[in-house]
Amino acid sequence: MPPHRAGGAGGGGDTSAFFAATLVLWAVSVGFEIGVRGRRELAPVAAGFAFFQAANAAVRSSVSRDPLFVNTAVSLLHSSLTSASVIFVLVNQWRNKGLENMFDHEELFGGSWIGAYSALCFSCGYFAYDQLDMLRYRLYSGWIPGILMHHLILLICFTLALYRNVTINYLILTCVREMHSIFLHVRKVRRMAGFRDFNRKAVKLEWVLNWTTFVTARVVCHILITYKLIADAHKFGKGIELPLALLGMAGMNLLNIFLGLDLSKAYARERNQQRHQD
């Protein structure tokens, strides 16, 4: 996910009201599906929300009460858990059935690899938690905050896919990006903790891993998924799945461009700061 930004802007009241309303509607919808319609398979969504809310409380009480630090630390936990889950799902599928039919349209669109549905539910619960936390402590900026829009788009795409039990495996592949998010959050935690020496070997290694995973796990992965959607467009039915998937991937690819620019600026800024100190 993109790095969080702190501090609301003018008109933040209208912004927060809109995103709070959409979050309430989402919660009512999920609660109805689980409680009234008996969709027990969606329970990990609620479990994910509760888990990360508890993690937030644990960090706040034992490490720091700074809302941005707490939010970033919990985001790091989510990225780490999701990355491990995605790797497990992909490796398990590869070992059990091989790569031959793993990326066929029927498998990606209508199939659900072992553990994929629950992992997606759990991650969906995180995005709801994170949206609430950022609204509560105003950890966003701008008239239309990119991070809140990012979470809203993901909540819509994930939840609709979970309700209809389609494109689960496609969405799991998009979660490969969380391997890069690990290093985004590590950098933020490291700087908030006061470790800003660009010449340290650990910091240089962090930047190498940051750029490597940005290119592979985020940019290349998302481009390949977009290509696969376009190549298999004729295999989709007349439902909303293809337009929604293409719209979601267009948004992610656009966010990757802005994220790459932000990373370049941050890299140059840290390097220049170190030169001035030397």
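Begin by selecting helix H9, residues 201-231: its 31 residues reach 43 Å from the first C-alpha to the last, close to the 45 Å expected at 1.5 Å a residue. Here the expected span is 1.5 Å times one less than the number of residues, and helices (H or I, at least four residues) and strands (E, at least two) are DSSP runs numbered from the N terminus.

This is a predicted model, in which local features need pLDDT of at least 70, side-chain atom pairs count only at pLDDT 80 or more, and totals for chains, interfaces and linings use all residues. Residues are numbered from 1 along each chain as its sequence is written, and side-chain values use heavy atoms, with hydrogens and water left out.

Next, centre the view on threonine 213, where H9 has a kink of about 30°. The bend at a residue is the angle between axes fitted to the seven residues ending there and the seven starting there.

Now select Cys157, Thr167, Leu171, Leu244 and Ala245, which lie nearest the centre of the largest cavity among its 21 lining residues. Helices H6 (146-164), H7 (168-174), H9 and H10 (241-277) each give two or more residues to this lining. By class, the lining has 16 nonpolar, three polar and two charged residues. Nonpolar covers Ala, Val, Leu, Ile, Met, Phe, Trp, Tyr, Cys and Pro; charged covers Asp, Glu, Lys and Arg; the others, Gly among them, are polar. A cavity is a set of points on a 1 Å grid over the protein atoms alone where a 1.4 Å probe fits but cannot get out, and lining residues have an atom within 4 Å of a point.

Finally, select aspartate 262, found in helix H10. The C-alpha atoms of aspartate 262 and asparagine 56 are separated by 26 Å.

Terms used. On a 1 Å grid over the protein atoms alone, a cavity is a set of points where a 1.4 Å probe fits but cannot get out, and a pocket is an open set with protein on both sides within 12 Å along at least five of seven lines; lining residues have an atom within 4 Å of a point.
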